[in-house]
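I am keeping short notes on what I looked up in this structure.

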Amino acid sequence: MTTIKKFYLLLISLFIFSSCAEENPEVFVDELPLPDPFQLSLNLDLVSYQSLQFEKNVILEDYGLNGIIVVKKSDFDYAAFERTCPYEPEKECSIISMNAGQQYLECECGNSFYNLSGYPTNSPSPRKLREYYTSLSGNTLYIDNTIVSSPNQ
């Protein structure tokens, strides 16, 4: 076999193996439609949001696609997730809620589970929950429709 043929054979082999080993970049792409724009400021001292001081979540049904679930991850760290499950979002039961023990998020269809950072765990879903931008200033939590990108996007 000539050197040129060996070179082409090697080049083709490398191309085939590199394309097979490459992780599918589409797996973590958020495919949900965009919500209407919103900007919220939640005074955490108000009775309606005090549950974020004692429990780990509050649901805001009038924002996002099917509502937003705001999760307290630690004393000064909050996250706001779209309640539409990214796995089979067309199903009516495809709504995210906090489990009874407040340890993780789950789809009400019962097939997808997510940690408090929104990543799938023990779940058929390959996608992270859509996360909206949050910032805390004093006792006010700000949330808007800016989508937080995961490192995989």
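**Aromatic pairs.** I searched the whole structure and found three aromatic pairs. For a pair, rings of Phe, Tyr or Trp (its six-membered ring) must have centres within 6.5 Å; planes under 30 degrees apart count as stacked, over 60 as edge-to-face, and the rest as tilted. I looked up Phe38 and Tyr132, which form an edge-to-face pair with 5.2 Å from centre to centre and 75° between the planes. Phe38 lies in the loop between helix 1 (3-21) and strand 1 (39-43), and Tyr132 lies in strand 8 (residues 131-137), so this pair ties together parts 94 residues apart in sequence. Helices (H or I, at least four residues) and strands (E, at least two) are DSSP runs numbered from the N terminus. Both Phe38 and Tyr132 are buried. I use buried for under 20% relative accessible area, exposed for over 50%, and partly exposed for what falls in between (1.4 Å probe, protein chains only).

Tyr104 is partly exposed at 31% relative accessibility, and Phe113 is partly exposed at 21%. I also noted a cluster in which ring pairs link Phe38, Tyr63 and Tyr132.

**Basis of the notes.** The model is predicted: local features need pLDDT of at least 70, side-chain atom pairs count only at pLDDT 80 or more, and totals for chains, interfaces and linings use all residues. Residues are numbered from 1 along each chain as its sequence is written, and side-chain values use heavy atoms, with hydrogens and water left out.

**Thr121.** I found Thr121 in the loop between strand 7 (113-114) and strand 8. Thr121 is partly exposed, with a relative accessible area of 31%. From Thr121 to Tyr104 I count 17 residues in sequence and 9.2 Å in space, C-alpha to C-alpha. Which residues is Thr121 in contact with, leaving aside neighbours within four places in sequence? They are Phe113, Tyr114 and Asn115, where contact means heavy atoms within 4.5 Å.

**Salt bridges.** How many salt bridges does a search of the whole structure find? The search finds five, each being a side-chain nitrogen of Lys or Arg within 4 Å of a carboxyl oxygen of Asp or Glu. One of them joins Lys73 and Asp77 at 3.9 Å, N to O. Lys73 is partly exposed at 31%, and Asp77 is partly exposed at 33%. Glu88 and Lys91 meet in a salt bridge at 3.0 Å, N to O. Glu88 has a relative accessible area of 25%, while Lys91 stands at 37%.

**Lys128.** Lys128 forms a salt bridge with Glu131, with the closest N and O atoms 2.8 Å apart. Lys128 and Glu131 are buried. The charged end of Lys128 also sits over the ring of Tyr119, 5.2 Å from the ring centre. That entry requires NZ of Lys or CZ of Arg within 6 Å of the ring centre and within 35 degrees of the ring normal.

**Arg130.** Is Arg130 buried or exposed? Arg130 is buried, with a relative accessible area of 3%, and lies in the loop between strand 7 and strand 8. The side chain of Arg130 reaches the backbone oxygen of Leu32 at 2.8 Å. Not counting residues up to four places away in sequence, Arg130 touches several residues, among them Asp30, Leu32, Pro33, Phe81 and Ile147.

Definitions and conventions: A polar contact is a pair of N or O atoms within 3.5 Å; within protein, one must be able to donate a hydrogen and the other to accept it, and residues adjacent in sequence count only if both atoms are side-chain atoms.
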